Amino acid sequence: MFPTIRIKLKWIREAKNSSLNLACYETFGNYNARAPRNKHICYYKTMRFTQKLTAKGFWGRSIEEFKRWSDMILNAEGLRVPTKPYVLTSFENKESITDCKIMSDQEIGGFSTVNLHWIPPCTRSSHTSAENVGGHAKFHGNISIQLPTNRPEVQRTGFAAWRTKDRGYTIFGKSLWDIDPYTFLALRIKSDNRRYFVNLQTESIVHTDIHQHRLYAKRPGEWETVLIPWTEFVRTNHGIVVEPQREMLRQSLRTIGIGLTDRIPGKFELCIERVWATNGLEGTIIVQDPMRGSYLKKKDGSKVRWIAHLPYEITSHFDPKSIIKPIEMNRYLTPTKIGLLVLIELYTESFMLNSSTIPIISFVLNQLLPHAPKTHRSESISSLEPFSRKLPFILDLKSFELLLVPHFASFSLLDTNLWDYFLKKLWNINSLDTLHVFFMGRKNLLVKSREEIKKDNEMGIPPPSEEMILLSHTSPFGSFIRKSCIEFERLKFSDTVALWTTFVNWRRDSKPHWATENANVRDWTGDKALNDIERSSGILSTEILGNVVYRYTDSQNPENTYFSTDNIEKLLEFQVEKMQRLGSRIPCEMMSKFKSILDQSVMIPSLSHYFVFLESWRSGDYPTSFDSLHRYFDYTMQNRDRLFYQYALMNLAVLQADFYCFDEAAAAMLETVSTARENKDMACLNFALNWLYHFGKVHPEIISETGPTNMLGVEREGLSYLRIKAKEAEMWTLWSSSLLSEGKLAMANGESLATVFENITKSSQLVIEKNLKGMIGPQTAILSSLWARLGISQLFKQHCEVFLSYHANFAVFEDTLRFTNRIACLHAGQGDYEVALNILESLNSNSLRSWKANQYWLKCKGIIRLKRALHCNQLDDAAQLLDQLLYSNDEDKDADLFFEINVLYIDYLTRRTDYSQALILIEKSLSSIRKDGEDKNQKNRLLILKALLYDKAGRPQKGLSIALRAASNAWQARLMPTLWAAMGAISNILTSLAEFQASTQILIAIFPRVLECGDCALNAQLYSLLGDAFMGLAGQAEMGSLKRKDSLKQCFHFTERGLKEFVSLNDVVGQRETTAKMATIMMVRSENFIADKYAKAYVELKECASS
């Protein structure tokens, strides 16, 4: 008894977990509804197995699945598009009804009835169109919209449905239908013209998702076949359309069913004979009726409408060209590859001169080797001058012509070029039979084994000539020939005909030239056969045969037929690698071309989902990127080992972090670490740990919550661990990154410069030895930052310009954007705001289509405009810019910009004389820096701002200890620009304490190094402070003394220099203050005329500012 109870409890749980839209429970005997949710207490009237229940068990399903896969392997069905229908469910026998389950609103208290009965086949010799010669199922019942009186929460009833049960488990796993190779879902039905829906459920991440489509019937009351494209099903969840819409997971179809939800009271009846997947157009085709509405609704309440087509039947007037069918691409062979095979044959037959060999071999290898460049340098090989332009991805005949026309044959007496010999071999393929002969003869170009030579001698086949160059089987040419022959042998006859017709169309443009050189060009076999039929039976008799032979020659987009699945996969791999390496999006034109190719293809590579994920991720479309990422790994992990699971988690963590789901990102990456350790995947493990380190630098509070699961521990020990592991695993990029991170940590902590230079030098050695072009950006960024912190602006600028001029093409676009912003900020610091904005505008517009890069770019422009508005004293404009920047300002997005915006906000509050609010903001920023780990540079800048704020408030002495602390920290960390600003604050305090001599000595001592920083704002501030100190010295000197005159002269000189710096910055407030000081100096020197001049200038500046 106990095994029986466990089995039936399992059935109940499976029924609960596999419910479609409604919870459907099968009960045996009396079911206790008040039992706890996790317990299923059942009482049974009988405990005896029946023969029907044990007919197809676990081993029976396993044997059937093994038989099906064996047939597929033996018949090589995976190598071509299936032609036979794939039956999903059939009701030919009565037992098939038991594999289905029915559902209705009775489960929620409704009154609709539903039945699914088996109807035996019609045995009469003459039967009508309403009768069926085979057995079928009748789905019938009565729809009622009456609401239950004892359940007020139920507000809607009136539905009925049936679906197939879950197919159970086998020794290979869960039984699912793989309908990916098929284009249509076909149903043999007899409808009563009510609004039925076809419901499909896949083994996707969200198990409640259902793909639905209206079941349109053209001949109600009669048997008909309905075809529905898989791509037209709509994804729904609980009856609501889910956005974004993506194709279903066709490799793991779980259940099929039909539902009725029109809520029209009355009887219904739908007969179903069978449901199958197919690639052909069989019988009558029923497509969408444009006059009928849909009952699928979106969240906003609008109805979903499918694209409307007019129904049609295959009749004598039917035009096959009117149907737009997906292109069944060849796996590998295209007309271009036939052209490459002809080129290789010319090479092996020694047609080429020695000077022509290298260019032609390079041309062929360019197409065969995976990462070969697609352009040639005319300066290196003079014979390749025509290919200074870029080659198309799919070579046209013009590319072959440009290559071969300049080269002549080795034994030609009439100076015939290789282009003529190439065309001769192309046009010698004059029929489908000669195409077969052409591929059979490719094996003669390869070196034969002893057994093959012996067999040829026995058959009387002569050996190849001594002048012929035979190719090795393992050479690039030999591998290409062997693969081409194997792929041609695998082609079905229809695919071979398709290859022939596309080849005829591809070489068509060379026909005029070939006809000029050869008068008998029209006498090739195909045209001769058509001409003979035309003469004997008339021109109309050759129309059908000509359409078969030349069916692609009138296509509006013939180039689409030149693609193969191999071409698409290579193009996707190239674009994915480029998007990952450069961090950019694909151009719009290329994206539309991709879409047109993939939409017309029957077989869609799974990599296209990852491609869509990257494109959506870069564009900021989180739902689409999330859905595409799950879809890609759903596809790939069904065909690959589960070891790829950690890469799915790693991509998911990076995606969630970019869209600010930081808790989920940390959890996913920690699971990546544990999975990678379990699978001993050191590359994935080291990358995940490196990501966690940098993530923890920005979000220490999230990492601290992970507790003992964090493997990195203390920051410095974590970097040392990563560096050692990267060295052991020979992960050069991670090793270089760890060295740079150690140098950056030393810079942030204010450690020895020798340690920083040591780490940068070690990283540079790795970059050069291992050719790590992608690491040049981070290395140059740290080196330029080091020069900037040392106050040597010229070296800082040179490093930025060198990177943008020579290394930007090999680096991530984010590095290019940051270096461009640094140069723009350098120009803005010198008052060249328009130049700075133009530099930012000069960036590649396609790269800026990336959402994250675009946000960073907009912030950089906003910061430069805000600086200009503050210096011009346009505080209203500055307030608007600050509102926009503060609204999107978040330390999680970019720490550097976050700090820069806060500093500008403090400057704005200071100019508004809101000193209390500015002081609160400074204290808040200082506390956050202490909490998250000190950055000495940012901390010192805030301390200097605080000291200057006390000076603005009239209490400069209160900032003395603050300025001294900032100067001490800056000197220890060798932060020279910050040190000079701190010394300026100290000299200002000394001036307020009447220590003018000490103030002037400090400022004069630091000015040579200050001018190296190239910061006009710092120069203007220190010049003004030096002028104030000399004015104090003049006040202490006796009236009319030489010391007084000299001090006033020095005061005027330095104040004038400060005025020039303020003019460069376009700082209106600074110009006004220094102009007033100069007028005062002239009045003290009794030069009233000049004093009046400066006084008028002061008034004009004040009026200009007020206006």
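**Exercise 1.** What share of the contacts in the chain with a separation of 6 or more comes from residues 24 or more positions apart?

*Solution.* The model you're looking at is predicted, so local features need pLDDT of at least 70 and side-chain atom pairs count only at pLDDT 80 or more, while totals for chains, interfaces and linings use all residues. Residues are numbered from 1 along each chain as its sequence is written, and side-chain values use heavy atoms, with hydrogens and water left out. Take a contact as heavy atoms within 4.5 Å. Residues 24 or more positions apart then supply 69% of the contacts in that set.

**Exercise 2.** Work out how helix H3 sits in the chain.

*Solution.* Helices here are DSSP runs of H or I with at least four residues, strands are E runs of at least two, and both are numbered from the N terminus. Next, call a residue buried under 20% relative accessible area, exposed over 50% and partly exposed in between (1.4 Å probe, protein chains only). By that count, 14 of the 14 residues of H3 are buried.

**Exercise 3.** Which loops hold Asn 193 and Arg 263?

*Solution.* Asn 193 lies between strands S10 (184-190) and S11 (196-202). Its phi is positive, near 75 degrees, and at 38% relative accessibility Asn 193 is partly exposed. Arg 263 falls between strands S16 (253-260) and S17 (266-278). Phi of Arg 263 is about 55 degrees, and its relative accessible area of 27% makes Arg 263 partly exposed too.
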